[in-house]
Amino acid sequence: MTKLLVVATGNPGKLREMQAYLADSGWELTLKPEELDVEETGETFAANACLKASEIAKATGNWAIADDSGLQVDALNGAPGVYSARYGNTDAERIARLLRELGDGVNRQAQFACAIAIANPDGAIALQSEGVCRGEILTATRGDGGFGYDPIFYVPEKQLTFAQMTPEEKKSISHRGKALKALIPQLAKVLS
């Protein structure tokens, strides 16, 4: 038996990424209707993920999954955090602003964090998970892959930035990958 799971995003890349993780879950994933947009007013990644999942589930009458994620830099007290996507108009502007604000600071520790929520068709949150990937911020970009802050987010254990990793390498250690892996066993129980 297959159940429909509406992904609360208009981003086909995010849909593909989730489909790769949930391929054997028994769920069929689809993008949310384009006209449905949920404003992220939460103060945490978890609050935004729950808000989006709940609103999309109620609007479509289907199960819905949403994530919210971003970069948290230790020396900037967790900024840009929930404002990661709004830190500038383009990836280049966001990276430039972050590097400017960090300056020559010695503490370049940071993490990517992701919260995922799944809501039932009534909008009630049925499942939640979170994932974190620790790393550090470089002083200049490295690599051509990925998106967002990937070219400056360096993972010491891999000796690569997210932008230098293959999609498989990134999937195995990323914040979103960890959050989705934690959800898979729970998803199977919901389906049965």
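## Salt bridges and annotated residues

The count comes to ten salt bridges, a salt bridge being a side-chain nitrogen of Lys or Arg within 4 Å of a carboxyl oxygen of Asp or Glu. The model is predicted, so local features need pLDDT of at least 70 and side-chain atom pairs count only at pLDDT 80 or more, while totals for chains, interfaces and linings use all residues. Residues are numbered from 1 along each chain as its sequence is written, and side-chain values use heavy atoms, with hydrogens and water left out.

| Pair | Closest N and O atoms |
|---|---|
| Lys52 and Glu40 | 2.9 Å |
| Arg134 and Asp74 | 2.8 Å |
| Asp91 and Arg94 | 2.8 Å |

Lys52 forms a salt bridge with Glu40. Because Lys52 belongs to helix α2 and Glu40 to the loop between β2 and α2, this pair ties together parts that are twelve residues apart in sequence. Helices (H or I, at least four residues) and strands (E, at least two) are DSSP runs, numbered from the N terminus. Lys52 is buried, its relative accessible area being 8%, whereas Glu40 is partly exposed at 26%. Here buried means under 20% relative accessible area, exposed means over 50%, and partly exposed lies in between, with a 1.4 Å probe and protein chains only.

Arg134 is paired with Asp74 in a salt bridge. Arg134 is in strand β5 (residues 125-137) and Asp74 is in the loop between β3 and α3 (91-102), so the pair ties together parts that are 60 residues apart in sequence. Arg134 is partly exposed, with a relative accessible area of 38%, and Asp74 is partly exposed with 33%.

Asp91 is partly exposed at 31% relative accessibility, while Arg94 is buried at 13%.

A network of salt bridges links Glu40, Lys52, Asp68 and Arg86. Asp68 is also a residue with annotations. In an unreviewed entry, UniProt lists Asp68 under "active site", and under "binding site" the unreviewed entry lists Glu39 and Asp68. UniProt positions are given in the numbering used here, feature names are shortened, and annotations may be inferred rather than shown by experiment.

Asp68 lies in strand β3 (residues 63-73) and is buried, at 6% relative accessibility. Glu39, in contrast, sits in the loop between β2 (27-31) and α2 (45-60) and is exposed, with a relative accessible area of 63%. Neighbours within four places in sequence aside, the residues in contact with Asp68 (heavy atoms within 4.5 Å) include Glu40, Thr44, Phe45, Asn48, Lys52, Val82 and Cys114. With Asn48, the side chain of Asp68 makes a polar contact to the side chain at 3.0 Å. A polar contact is a pair of N or O atoms within 3.5 Å; within protein, one must be able to donate a hydrogen and the other to accept it, and residues adjacent in sequence count only if both atoms are side-chain atoms.

Cys114, one of the contacts of Asp68, is buried at 2% relative accessibility. The structure holds zero disulfides, a disulfide being a pair of cysteine sulfur atoms within 2.5 Å. The cysteine sulfur closest to that of Cys114 is in Cys133, 12 Å away, which is too far for a bond. Cys133 is buried as well, at 3% relative accessibility.
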